[in-house]
Amino acid sequence: MKENNVLLDKALKFAARIVRLYQYLTKEKKESIISKQIIRSGTSIGANANEAVYGVSKADFIAKLQISLKETAETEYWLRLLVMSEYLTDTEGESLITDCLEIKRILIATLNTAKSR
């Protein structure tokens, strides 16, 4: 995996959106529980994908991407909960969920390729 790639770029941009979401939730909505969960999982996606680039082995690379995939699934859960609990509108939530699902698809494809080699 090259350092400048679609996955890392999208994950970093998504993390920035998650940070802004955290700020919105804590300042505007006075929500502190879910916002702490989503900032951890949402920013961890890119952190683990970035760490995978520097993995010491193929197994390490795959393990870090697996963690990133798990964090993506958790983030998707928190986003759906924020919409269902009306902290986010359907439109706000869908935009974030769409980005999250795109990252998830890229991670799955990358993992499948890495495992097949």
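Two residues are in contact here when heavy atoms of theirs lie within 4.5 Å. With that idea in hand, we can walk through this structure, which is a predicted model.

Let us start with helix H4, which runs over residues 90-116. Helix H4 has 27 residues and reaches 38 Å from its first C-alpha to its last, close to the 39 Å expected at 1.5 Å a residue. Which residues of H4 are buried? They are Gly-93, Leu-96, Ile-97, Cys-100, Ile-103, Leu-107, Leu-111 and Ala-114. These buried residues pack against helix H1 (6-27), helix H2 (33-53) and H3.

Take H1 and H4 as a pair. Their axes lie 10 Å apart, and the two helices pack at an angle of about 150°. Angles over 145 degrees count as roughly antiparallel, so H1 is roughly antiparallel to H4. On the H1 side the contact is made by Val-6, Leu-7, Lys-10, Ala-11, Phe-14, Arg-17 and Leu-21. On the H4 side the residues are Ser-95, Leu-96, Asp-99, Cys-100, Glu-102, Ile-103, Ile-106 and Leu-107. H1 passes H4 in a left-handed crossing.

Next comes H3, residues 58-84. Helix H3 has 27 residues and spans 39 Å from its first C-alpha to its last, close to the 39 Å expected at 1.5 Å a residue. How do H3 and H4 sit against each other, and at what angle do they pack? The angle is about 160°, with the axes 9 Å apart. That angle makes H3 roughly antiparallel to H4. The crossing of H3 past H4 is left-handed.

H3 also packs with H2, at an angle of about 155° and with axes 8 Å apart. This makes H2 roughly antiparallel to H3, and H2 passes H3 in a left-handed crossing.

Is Lys-64 buried or exposed? Its relative accessible area is 18%, and buried means under 20%, so Lys-64 is buried. Leaving out residues up to four places away in sequence, Lys-64 touches Asn-48, Glu-51 and Ala-52. Lys-64 and Ala-52 are 12 residues apart along the chain, while their C-alpha atoms are separated by 5.2 Å.

Trp-78 has 16% relative accessibility and so counts as buried.

Now to the parts that link the helices. In the loop between H1 and H2 you will find Lys-30. Although Lys-30 is not a glycine, it has a positive phi of about 55°. Its relative accessible area is 66%, and exposed means over 50%, so Lys-30 is exposed.

The loop between H3 and H4 holds Glu-86. Here again phi is positive, near 65°, in a residue other than glycine. Glu-86 has 67% relative accessibility and therefore counts as exposed.

Back on H1, Thr-26 is worth a visit, as it lies in that helix. With 24% relative accessibility, Thr-26 counts as partly exposed. Setting aside neighbours within four places in sequence, Thr-26 is in contact with Glu-31 and Ser-35. Thr-26 and Lys-36 are 10 residues apart in sequence, and their C-alpha atoms are 9.1 Å apart in space.

Our walk ends in the segment after H4, where Arg-117 is found. Arg-117 counts as exposed, at 74% relative accessibility. How far from Lys-58 is Arg-117, in sequence and in space? The two are 59 residues apart in sequence and 9.5 Å apart in space, C-alpha to C-alpha.

Terms used:
Residues are numbered from 1 along each chain as its sequence is written. This is a predicted model: local features need pLDDT of at least 70, side-chain atom pairs count only at pLDDT 80 or more; totals for chains, interfaces and linings use all residues. Side-chain values use heavy atoms; hydrogens and water are left out. Buried means under 20% relative accessible area, exposed over 50%, partly exposed in between (1.4 Å probe, protein chains only). Helices (H or I, at least four residues) and strands (E, at least two) are DSSP runs, numbered from the N terminus. The expected span of a helix is 1.5 Å times one less than its number of residues. Axes are lines fitted to C-alpha atoms, for helices over the stretch in contact, and angles run from 0 to 180 degrees between N-to-C directions. Angles under 35 degrees count as roughly parallel, over 145 as roughly antiparallel, 65 to 115 as roughly perpendicular and the rest as oblique. A crossing is left-handed if the near helix is turned anticlockwise from the far one by less than a right angle, and right-handed if clockwise.
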